[in-house]
Amino acid sequence: MTTNVAILGSGNIGLDLLYKTLKSNKLNLVLFVGRSENSKGIAIAKSLGITTSIESIDGIKHYLNDIDLIFDATNAESHRSSQHIFEQYGKLVVDLTPSRVGEPCIPIINLKESLSKKNISLVTCGGQASIPLLYEISNVTRGIKYIELAATISSDSAGMGTRENIDEYTVTTEKAIESFTGVENIKSILSLNPAIPQITMRNTVYIEVDNYDKELLTSVIKSTVNKVRTYVPGYYIASGPFFSEGLITITIEVQGAGDYLPKYSGNLDIITSAAIEIAENYNRVYEINGY
Amino acid sequence: MKSMDIRKIKYIDSTLRDGSHSIAHKLSLYDIAEYCRAIDGVGIDLVVVGHGNGLGASSRLIGKSLHADEELLQVARSNLKSTKLGVLVIPGFAKLSDIDKAIALGVDVFLVACHVTEVTVTKQFNEYIAAQNKEVIGILMMIHMATDEEIMNQIRILESYGVSSVILMDSAGATTHHRLKSLVKKIVTNSSIEIGFHGHNNLGLAVSNTITALELGASIVDATVRGLGAGAGNTQIEQVIALRQLQNLDNHIKLNDILRISDEIVTRINPSHSGVDGVSISSGLAGVFSGFKPKVIEASKLYDISPYKLFNDLGKQRVVAGQEDKIMETAKKLSESDE
């Protein structure tokens with residue numbers, strides 16, 4: 001059974017979602033929504049024969065009977081101000097902006113629980129990349145004192161939304177790491193690198209802890225990476241894990257699938273891939289819940 | 001030239017910020033207090049304090065500070081009476097909540113920095129700080145990595161955010177005179193933004209690049225005492241002031257006080273940092289043979305006088321090499337006139 005989806009937002013993220021949706025045999029793209037007839041996104045969608053609207057969120061109301069789920073690929077401010085409309089629509093909303101409105105979801109951790117909510121937040125790119133490992137490590141390691149995430153992304157993969165709301169990125173990432181690991185002392189750092197050819201998204205995590213089980217962690221880290229790779233094939237360990245006194249260091253790189261966005265922008269791909277993973281499980285989990 | 005010479009030059013002292021890099025961000029509260037007390041009132045416009053990468057940058061990635069940002073700023077604030085206090089802010093490291101804390105602690109000026117091509121990441125911070133009526137100075141880091149045209153475009157964006165001054169940061173000390181000239185000329189020709197220069201000394205050009213920038217229309221010097229700073233160190237602020245004073249400019253700055261801070265405080269903060277010491281700078285300023293230095297130090301200790309004054313007085317007497325016998329005599333006279 002396929003899930004019927006609408007994509008709100010015709011920018012790069014919306015377009016990557018569009019291509020990923022078309023690739024999926026579990027999803028049916030009903031509507032692609034933008035704000036302007038002249039946008040590149042709307043033109044591409046039309047050329048692919050997809051139904052479009054340029055009425056922004058209001059455009060969705062004419063299709064409510066045909067839609068199960070809405071991807072919001074606009075921006076944090078727009079997502080927040082659209083809350084009451086999403087509530088009227090009553091559809092599951094998967095929020096790709098760092099608005100922090102909905103239930104934070106990292107697919108390998110809380111996909112099922114998230115699907116029982118009406119609004120799912122995909123945290124941030126740094127959060128999606130680091131939290132799977134940080135969560136699994138914190139589950140088997142007591143007494144973690146401090147966690148730091150240093151992410152570097154290509155300048156070309158950082159859109160205006162990210163740049164002009166960089167504080168939301170930092171705060172949302174730190175809060176999500178805190179809530180998934182239970183560790184209070186969290187630091188997030190984001191750097192942009194304009195090098196050409198573009199660098200691949202890179203995330204180094206530092207975990208300060210006095211005692212840990214090196215062998216157990218090595219296998220936990222490996223299996224966690226494999227779990228994430230089921231929906232983000234370009235997710236891999238670039239270096240580490242390094243175990244030193246009181247400190248564990250791991251560097252993860254994320255290469256995108258290249259569906260619409262270029263491969264170096266793993267930071268965007270990990271968000272769109274998580275969104276697709278959630279949508280593809282929409283029906284399955286609802287059936288288990290007795291629907 | 002004359003019209004340029006009368007411009008007021010603004011001096012930003014980043015010793016307790018960039019200098020943090022040179023000691024792995026382990027500034028003590030004692031050193032901050034002592035330094036700020038000493039620098040206050042010498043004529044420096046702004047003292048910047050904190051972790052080398054600014055607010056919120058204490059981290060495993062860069063290095064952890066010995067004390068929290070709040071403590072560093074609090075101690076600096078309470079020891080700076082007549083001098084403005086500034087902090088460096090790099091979006092991606094700092095959060096807006098860090099800005100709130102800094103304002104509450106009495107920070108006057110925020111130096112908002114980013115990589116030279118990425119000014120759009122500073123919009124949110126620039127606007128947030130300006131909305132609270134605090135001064136923003138833009139900083140473009142790693143200027144050697146972008147063309148004049150690219151930098152000019154970034155400055156236009158900064159201006160659209162309401163930023164009225166920008167510091168060109170030669171973070172790797174990799175900018176030649178030739179390049180700096182073309183860049184500063186380009187900005188002066190195309191914009192009325194106030195320009196500053198922050199040099200590093202990797203290739204020995206920090207001071208001369210700073211002077212070059214001033215001659216071409218820059219009006220902000222962002223530098224450190226003894227050049228204490230990341231890597232090879234920075235432009236030595238006291239050398240720039242000395243060179244200006246040789247031209248009878250910026251005479252309101254109490255240079256000897258800064259030389260003493262260099263020799264007594266900065267050497268203690270980082271004993272392994274070389275730079276040019278205060279006594280050598282006063283020798284240069286006085287135009288007295290460098291070889292006089294050991295005897296000047298010896299005499300000034302013996303008579304308990306300032307070695308800078310001693311060099312200064314020897315310079316007035318126009319002594320030449322071979323007149324080392326004037327050192328003790330002059331020291332003795334100075335000690336008597338001091339009384």
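In this predicted model, the lining of the largest pocket takes its greatest contribution, four residues, from helix α1(A). A pocket is here an open set of points on a 1 Å grid over the protein atoms alone, with protein on both sides within 12 Å along at least five of seven lines, whereas a cavity is a set of points where a 1.4 Å probe fits but cannot get out; lining residues have an atom within 4 Å of a point. Helices (H or I, at least four residues) and strands (E, at least two) are DSSP runs, numbered from the N terminus. The volume of the largest pocket is about 1,100 Å³, a volume being the space filled by probe spheres set on the points, with grid points joined across faces, edges and corners. The largest pocket is lined by 47 residues, and those that lie nearest its centre are Ile13(A), Ala73(A), Thr74(A), Asn75(A) and Gly161(A). Two or more residues of this lining come from each of α1 (12-23), α2 (40-47), α3 (76-81), α7 (160-164) and α10 (266-280) of chain A. By class, 21 residues of the lining are nonpolar, 22 are polar and four are charged, where Ala, Val, Leu, Ile, Met, Phe, Trp, Tyr, Cys and Pro count as nonpolar, Asp, Glu, Lys and Arg as charged, and the others, Gly among them, as polar.

The second largest pocket holds about 740 Å³ of space. It is lined by 35 residues, of which Ser191(A), Phe93(B), His115(B), Met141(B) and Met142(B) are the closest to its centre. The elements that supply two or more residues to this lining are β8 (144-154) and β9 (186-193) of chain A, together with α2 (15-22) and β4 (109-115) of chain B. Strand β9(A) provides the largest share, four residues, and the lining of the second largest pocket as a whole divides into 20 nonpolar, 11 polar and four charged residues.

The residues lining the second largest cavity are Val49(B), Gly50(B), His51(B), Gly54(B), Leu55(B), Asp69(B), Leu72(B), Leu73(B) and Val87(B). Helix α4 (residues 69-79) of chain B gives the most to this lining, with three residues, and the classes are five nonpolar, three polar and one charged.

In chain A, seven strands form an open sheet with parallel pairing, in the order β3-β2-β1-β4-β5-β7-β6; two strands pair if DSSP finds at least two bridges between them. The edge strands, each of which pairs on one side only, are β3 (52-53) and β6 (103-104) of chain A. Within chain A, strand β4 (residues 69-72) and strand β5 (residues 92-95) pair in the parallel sense over four bridges, and Asp72(A) has Asp95(A) in β5(A) as its bridge partner.

In chain B, eight strands close into a barrel in the order β1-β2-β3-β4-β5-β6-β7-β8, again with parallel pairing. Strand β1 (residues 10-14) of chain B runs parallel to strand β8 (residues 220-223) of chain B and is joined to it by four bridges, with Asp13(B) having Ala223(B) in β8(B) as its bridge partner.

Contact between two helices of chain B, with contact meaning heavy atoms within 4.5 Å, brings Asp148(B), Glu149(B), Ile151(B), Met152(B), Ile155(B) and Arg156(B) in α7(B) together with Arg179(B), Ser182(B), Leu183(B), Lys186(B), Ile187(B) and Asn190(B) in α8(B). The residues of this contact divide into five nonpolar, two polar and five charged.

Most residues other than glycine have a negative phi, and most peptide bonds are trans. A cis peptide bond, however, joins Ile196(A) and Pro197(A), with omega about -5 degrees, and Pro197(A) lies in the loop between β9 and β10 (201-209) of chain A. Another cis peptide bond joins Gly240(A) and Pro241(A), with omega about 0 degrees, and Pro241(A) belongs to strand β11 (residues 235-244) of chain A. Asn133(B), although not a glycine, has a positive phi of about 60 degrees and lies in the loop between α6 (123-131) and β5 (135-141) of chain B.

Residues are numbered from 1 along each chain as its sequence is written, and chains are lettered from A and ligands numbered from 1 in the order in which they are written. Because the model is predicted, local features need pLDDT of at least 70 and side-chain atom pairs count only at pLDDT 80 or more, while totals for chains, interfaces and linings use all residues; side-chain values use heavy atoms, and hydrogens and water are left out.
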